[in-house]
Each structure stands twice: as C-alpha cells, then as structure tokens.
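Please open the model in a viewer and follow the selections below in order. Each stop names what to select and then states what is found there.

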Amino acid sequence: MKFKLKSKFKPTGDQPRAIEQLTKNLKSGVKDQVLLGVTGSGKTFTLANVIQKIQKPTLVISPNKTLAAQLYQEFKEFFPNNAVHYFVSYYDYYQPEAYIPQSDTYIEKDAKINEEIDRLRHAAVQDVTMRRDVIVVASVSCIYNIGSPENYENVSLEIKLNQKIKRKDFLVLLNNLQYQRNDIDFKPAMFRVRGDIVEIYVVTGEKILRVEFDGDKIDKISETAPGVGQKYKLAGEKVKLFPAHFWVTPQDKVNIATNNIRLELEQRLKELKKQNKLLEAERLEQKTNYDLEMLKETGWCHGIENYSSHMEFRKPGQAPFSLVDYFNYFNPDGSLIFIDESHISVSQIRAMSVQDKIRKQTLIDFGFRLPSAIDNRPLTFKEFEERQKQTIYVSATPAIFEKQKAGKNIAEQIIRPTGLLEPSIEIKKTENQIQDLIEEIKKQVAKKERVLVVTLTKRLAEEISNYLTERGIKTQYLHSEIKTMERPGILKDLREGKYDVLVGINLLREGIDLPEVSLVAILDADKEGFLRNETTLIQTMGRAARHISGRIILYADKTTGSMQSAINEITRRRKIQEDYNRKNNITPKTIISDIRDWGFSKKEDIKEEFGFVHDKKLLEKEMKIAAKNLDFERAAEIRDLIKKTKEPA
C-alpha cells in the first residue's frame, strides 16, 4: 500500500514552503536537512506531507517516551490505513548489570518488562520486514542491539495450507521460535495443543492462530482476536510467524555459536589465571557454563544479548544490529529518518555507547562477563551516522551540529497556521514566589485555563504539587519516575480539566501538545545550567505558545545571559509573526487539538469485550484469571457483569 494522508487541514502559513523545500531536496538526493519549526507551527503535519510525497518507510526518533507517544498518535491519525508503530524501551523499571569494585558490590540485572510495549516493538519490526508503508516512532533506544535482521527473517516460519508436516515437528519449530507451550495460562508468545489443533497466541498479541492437522498435513488455518467468545475465521492460504524474541539464531548455527563461546571462555580463563585472578576465573566459568547449558537445551538464555556477537557471527568491535539496520536491510532503495527535537536527541545518541562501554568493561575485568559482551551495545555515534540515509533534523532550537550538517538546507517554519504569536514574558522576583504563583494560578483557573509549573528537581515538583493540592488546587506532578504508559493519561487528564496544574521538570519541555495551557511558570529561572540554558528556556516557553493568551512568568532575581538570549529570540519570532498577521489580515486563534485516547492498550470496555456471552461459568473462569493476575479492578467488573447475567437456558 502507498502512504495516504488524511486530514481536514491544508498546509498554510510557512508549511507549503517548508514541504516544497524538504521534498525537493529529498528527491534531489540531499542527505541532511533541518526543519526549524516553532512550537505550534504544525511540524508533524509538514513531515506527514513530506512522507506522502516521498513514499518511503520512515523512522522517527524522539528524545523521550512521552513525546514519542504523542507523535505516534498524531501520525496514526494522519495515516489511519498505513502501518504506524511505537518502538521504545520496554522496561518499566531497569537496573543494568553492574559491579562496583570499591565496595565489592555486584548488582544483578533487575528489570520489569512492560509486556504491552514488548508486543508493540515486535509489531513494529514485523511490519518493517513486510511493508513499505510503515512509520515507526521510536525513542533513542532504537540504536540498541536487537539482533540480526537476516537471522530474524531466516528463522521466521511460514505456515501454508496443505503443507506436509507432522504435528510433533510443527511443535518443535514453534519451540525454535521461542514460543512456549502452556495449555492453561494462554498469553502472547505461547501455544497450546488440543488433539490435532494447535492454537498460537502471536507475540504481538493482536490475534490467535488456529492450525488444524489432518494426518501429516495442515488442513485448515484460521484466526481470531483475543478475548472470550470470539469466533475464528479463515486466515488465508499462508501465514508468517516471527520469533518470540529478537535474539533467535537458526538452530543449525546455535551449536557453532556455543562452540565459539566455549573457545572464548577457555582463552579468557587462561588470561585470568595468568593474572592470578582465580576468583574472577571461577565466577566466569560457572556463569558462562550455565548459560551454555541453557542455550544447548532451549536455544535461549537470560542475558543472551551478552553473547549476541557470537550468535550473529560478528567480528570483535563490529557494530551491532539496531532498528536502523532493519530499515536499511529491508529497504535497500532507501528510507527516511526524522530526528525530532534534534538538539536533545542527537546528544543522547552520541552519549549512549560511551556510558555503556564503561559499565561493561568493569564487568569484564572482574569476571562477570566474557570480553565479547562489550559488543552487546548501542551504536556509536559514528556507526549511526554511517547508517543514516536521508535525515531531517526537526527542532525549534537546532544545535550547531545539525545546522552545520544541513548547511543551506534549513527550512524555517516561524508562522503558525492559526496566526498565534509567541507568548509574552514577565520576570518576577523569587521572594514569596509560591504565594504569587498561587494567585496567578487562580486567575487562570477562573478562566478555565491550565498552568504548567517547571521546577529543577523531582522532589521539589512533588512538594509543590502536594502544597498546591492542600490549597484546593487540582494539581499533579509529572517526572521520569511516572510509568511510561501512565504519562499520556496524565496529560490527557490535564487537558480535560481533571487537573488545572501540572508540575514537572524535563517532561514539560519539547513538543508536548497542550493547547489549554495559557501560563507557564518557570521557577529558579536564573539558575544557569542545562535546565535553564537558552535552548531549554525557549523550549519550555513554547508550551504556552498554543494559546491565544499564552504568557510566561520567569521567577528570578537577576537576568542571566541565557534568559536574555531566550527573550531576544522569542521577541524576534514574535515580530515576524506580527508582521505576517498584519500583512495578511490574520486574527490569531487558539489551536484546536482533539483530546486523544491513550490508544495502545487493546483492552475494551468489559461489557463490550464479552459481547453476547451469557455463560456464567465462562465469565467466572475469566474473573478468577483476572484475580490471579492481581487485576482486581477487572475481576470486579466481570463480577458485576455476572450478577446481571441470566443462567443459560
């Protein structure tokens, strides 16, 4: 399918010129460009138009999960009939494996994987392998190793109607894909067997396949959506099953890989013993041999990514395979990369491999990992640059690096389609700033407008949030410790009026779309540093630029260089916008943006989910499963439904 943009809007203001410039340069082969677009100028809409004109698979890299979620929703609306996906780190909590020599403290890897995000990652990669009309919105974690795209494609299993295969051999193939058999607790990446019927819950969680055997051949392939009471329908003549994990190696190569791991272990043990590191040698031998046994028996082990260079037959130092490699491997004629909020994202990409290497080297030196573990890493910045095809850096405040890469190829988008101006700016003393802030908040609340309060620390954000709540103001804080899947819900609650004030640090900066916000209060604006430099201040001020009455209050006792530079730039942009409005007789209007549902969870309303089901036993079984999984809210809803359900005739 081709990309088909759907929108009730047409490009206006600076958008037509930016779309034409970016598209023309892409078609002529220009590798690097910058889209300098102010907040609220419709940068995402511009990029969507570019995608439709160029018709290439696109990777959008965002600096954080919250902004990635917002971009995902926007692109999903622009391209409802195309493959739009969300790919971010799947950890709700992540403590990497580490060793602190000074205190002889080993910290085992501890992580809580968000299964919903894991399924979304698999769905994204699968569509990259199969479709051209694909957009993946990712965080910078997309430069981490996820295994070889060639292996991923080679181990996938194509199921065909009338295919000659014994049921037991088919089950072995499912095991090779790392699908686990579970006839009771049926979840994604599992299968169950009932006589000649094998049901497979695909790893993406979107459907269940039923494969029916007649002797030694596949007689019927059908599918259904997950949920109680759903009916199966024919799935077609063939279906492709992808691995349940990214690090899956063809079985014929696993033995070679394990032999290579064993050889490296022997060599490393000799080195450690020669250095009289007997404890380290014993530790490494025990840990590696356990992993080798797991690989031999199951083809997989915990921490398998540490052996990824062997599993993928990469040479020492050779770059790992990331999502960028999947785009390049399956689209040899080229794809696009958009780096959103590039002034932050580029810095993050540059730093990730350096930090990872320092931690891994300590683990290697003290016998916790083999030397090859250092090749389980994110791409270095140089490796990432080598993999970039055509890139558009997107930011309201592009850094010197992006400007130098783009040269003259910078498309400016200063004019907003709504005619909105940059917010007005006021500087206030810090004395009694909280009391003053409360009075300012009350003014906005009386007009049914929202407020953002920006602090320097998480603790201060929480304390101010609690203090405002005690004063009767509907307030919530938002920072990095709030779970990924909860953040968009909090932003939605702010827009709907459940909260009037949101207090935060970094997450209230780049790209957050909150048209109801008319006031942004920045505390400690004169504390020079990363959180109060020119770029950060401009980005934070931009959160008030979507409202006709948008204004900024800077609480500060002096005007720093960063504050003055930010004020000067906002003033420059405001003058350009005023001149354009006057020349074209435009009256500014507040941006109208639909309040979107948080659309990742497939869980429907309980009544809708069970539809016509009136079997109490079936509902009771589902209620017990929910209770077992500690999902007491769902269990209670099903219990209430049971009470309203009549006994079957």
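**First stop: two helices**

Select helix 4 and helix 10, where Val 125, Val 128 and Thr 129 of the former meet Leu 323, Tyr 326, Phe 327 and Phe 330 of the latter; contact means heavy atoms within 4.5 Å, and helices (H or I, at least four residues) and strands (E, at least two) are DSSP runs numbered from the N terminus. Six residues of this contact are nonpolar, one is polar and none is charged (nonpolar: Ala, Val, Leu, Ile, Met, Phe, Trp, Tyr, Cys and Pro; charged: Asp, Glu, Lys and Arg; polar: the others, Gly among them). The axes of helix 4 (residues 115-130) and helix 10 (residues 323-330) come within 8 Å and cross at roughly 20 degrees. Axes are lines fitted to C-alpha atoms, for helices over the stretch in contact, and angles run from 0 to 180 degrees between N-to-C directions. Helix 4 is therefore roughly parallel to helix 10, a term for angles under 35 degrees.

The model is predicted: local features need pLDDT of at least 70 and side-chain atom pairs count only at pLDDT 80 or more, while totals for chains, interfaces and linings use all residues. Residues are numbered from 1 along each chain as its sequence is written, and side-chain values use heavy atoms, with hydrogens and water left out.

Select next the open sheet with strand order 3-8-2-17-18-1-19 and parallel pairing; two strands pair if DSSP finds at least two bridges between them. Its edge strands are strand 3 (83-87) and strand 19 (410-413), each pairing on one side only. Strand 3 runs parallel to strand 8 (residues 134-139), joined by five bridges; among them, His 85 has Val 136 as its partner in strand 8. Helix 10 packs on this sheet, touching strand 2 (58-62), strand 3, strand 8 and strand 17 (336-340).

Move to strand 24 (residues 517-522): six of its six residues are buried, so the strand is largely enclosed by the rest of the structure (buried: under 20% relative accessible area with a 1.4 Å probe, protein chains only). Strand 24 pairs in the parallel sense with strand 21 (residues 450-454) over five bridges, and Arg 450 has Val 517 as its bridge partner. Four bridges join strand 24 to strand 25 (residues 551-555), also parallel, with Ile 552 as the partner of Val 520.

**Last stop: the whole chain**

Finally, select the chain, which holds 21 helices and 25 strands. Buried residues make up 55% of its 649 residues.

How values were computed. Angles under 35 degrees count as roughly parallel, over 145 as roughly antiparallel, 65 to 115 as roughly perpendicular and the rest as oblique. Buried means under 20% relative accessible area, exposed over 50%, partly exposed in between (1.4 Å probe, protein chains only).
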